[in-house]
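Q: I am new to this model. Can you walk me through how to read its main features?
A: Gladly. Here it is.

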Amino acid sequence: MNSSSRYFIKSVFWVLLATGAAKLFSATGGAKLLDMPESLLPLTFRQTLWLVGSIELAVALFLVLGRSERLKLVWITWLSGNFALYRIAILLMGVGKRCPCLGSLTQKLYISQAVAEHVLMGLVIYMLFGSLFFLIALRGQGRDVPVVPGNTADGMKPGPAPVNA
């Protein structure tokens with residue numbers, strides 16, 4: 001892993017740790033909005049926060065424990081792509097209420113919902129295009145073979161020597 005992609009993956013880890021924890025914290029709140037149906041998903045806002053916060057923390061955990069740089073970048077691309085598609089669907093459908101992604105935490109931090117939305121959209125763009133950039137950079141380089149006993153440099157298990165006839 002080169003230092004740029006390592007830095008990117010670490011930065012996404014911290015982003016997902018913070019936003020995932022904020023979603024789970026917000027899901028425990030008492031706001032009536034949390035029990036209302038979410039606009040695009042067949043869940044309440046509270047259930048959506050629990051689900052998405054848990055997924056973010058699971059991906060963050062993989063970013064720390066996983067061995068494969070490529071797989072880490074694929075998970076970041078998948079998650080940020082879903083966030084982007086959700087936001088595009090909201091815009092195209094003209095849905096009035098969005099998931100309050102940081103919920104009551106924005107009020108406790110004295111941050112307006114509009115500022116929080118812009119910051120979150122910026123993070124989605126950062127994660128999506130950053131992960132795509134590093135995936136393209138890895139393509140064809142033959143890198144990203146997990147180091148495990150018995151693997152050769154090309155990632156293939158050593159087998160019997162070919163028999164020459």
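Q: What share of the residues in the protein chain is buried?
A: This is a predicted model. Of the 165 residues in the protein chain, buried residues make up 36%. The label "buried" stands for a relative accessible area under 20%.

Q: How many helices and strands does the protein chain have?
A: There are five helices and zero strands. Read along the sequence, the pattern is α-α-α-α-α.

Q: How much of the contact count comes from residues 24 or more positions apart?
A: Take the contacts in the protein chain with a separation of 6 or more. Residues 24 or more positions apart account for 65% of them. Valine 64 sits in helix 2. Its relative accessible area is 48%, so valine 64 is partly exposed.

Q: What is the mean pLDDT of the protein chain, and which elements have the lowest and highest values?
A: pLDDT is the predictor's confidence in each residue, from 0 to 100. The mean for the protein chain is 82. A pLDDT of 70 or more is reached by 75% of its residues. Among the elements, helix 4 (residues 105-108) has the lowest mean, 60. Helix 2 has the highest, 95.

Q: What volume does the largest pocket have, and how many residues line it?
A: Its volume is about 470 Å³. The lining has 23 residues. Val52, Leu79, Asn82, Phe83 and Tyr86 lie nearest the centre of the pocket.

Q: Which helix gives the most to that lining?
A: Helix 3 does, with seven residues. Helix 1 (3-27), helix 2 (45-65), helix 3 (69-93) and helix 5 (113-138) each supply at least two residues.

Q: How do the lining residues divide into nonpolar, polar and charged?
A: The lining of the largest pocket has 17 nonpolar residues, three polar and three charged.

Q: How is a pair of aromatic rings described?
A: Two values do it: the distance of the centres and the angle of the planes. Rings pair if their centres lie within 6.5 Å, and planes over 60 degrees apart count as edge-to-face. By this rule the count comes to five aromatic pairs. One of the pairs is phenylalanine 13 with tryptophan 14, at 4.9 Å centre to centre and 70° between the planes. That pair is edge-to-face.

Q: Are phenylalanine 13 and tryptophan 14 buried or exposed?
A: Phenylalanine 13 has 17% relative accessibility, so it counts as buried. Tryptophan 14 has 55%, so it counts as exposed.

Q: Why is the pair of phenylalanine 133 and phenylalanine 134 edge-to-face?
A: The ring centres of phenylalanine 133 and phenylalanine 134 are 5.1 Å apart and their planes lie at 80°, so the pair is edge-to-face. Phenylalanine 133 is exposed, because its relative accessible area is 53%. Phenylalanine 134 is at 12%, so it counts as buried.

Q: Where is leucine 43 found, and which residues does it touch?
A: Leucine 43 is in the loop between helix 1 and helix 2. Leave out residues up to four places away in sequence, and leucine 43 touches Met36, Pro37, Glu38, Thr48 and Leu51. At 25% relative accessibility, leucine 43 counts as partly exposed.

Terms used:
Residues are numbered from 1 along each chain as its sequence is written. This is a predicted model: local features need pLDDT of at least 70, side-chain atom pairs count only at pLDDT 80 or more; totals for chains, interfaces and linings use all residues. Side-chain values use heavy atoms; hydrogens and water are left out. On a 1 Å grid over the protein atoms alone, a cavity is a set of points where a 1.4 Å probe fits but cannot get out, and a pocket is an open set with protein on both sides within 12 Å along at least five of seven lines; lining residues have an atom within 4 Å of a point. Grid points are joined across faces, edges and corners, and a volume is the space filled by probe spheres set on the points. Helices (H or I, at least four residues) and strands (E, at least two) are DSSP runs, numbered from the N terminus. Ala, Val, Leu, Ile, Met, Phe, Trp, Tyr, Cys and Pro count as nonpolar, Asp, Glu, Lys and Arg as charged, and the others, Gly among them, as polar. Rings of Phe, Tyr and Trp (its six-membered ring) pair if their centres lie within 6.5 Å; planes under 30 degrees apart count as stacked, over 60 as edge-to-face and the rest as tilted. Buried means under 20% relative accessible area, exposed over 50%, partly exposed in between (1.4 Å probe, protein chains only). Contact means heavy atoms within 4.5 Å.
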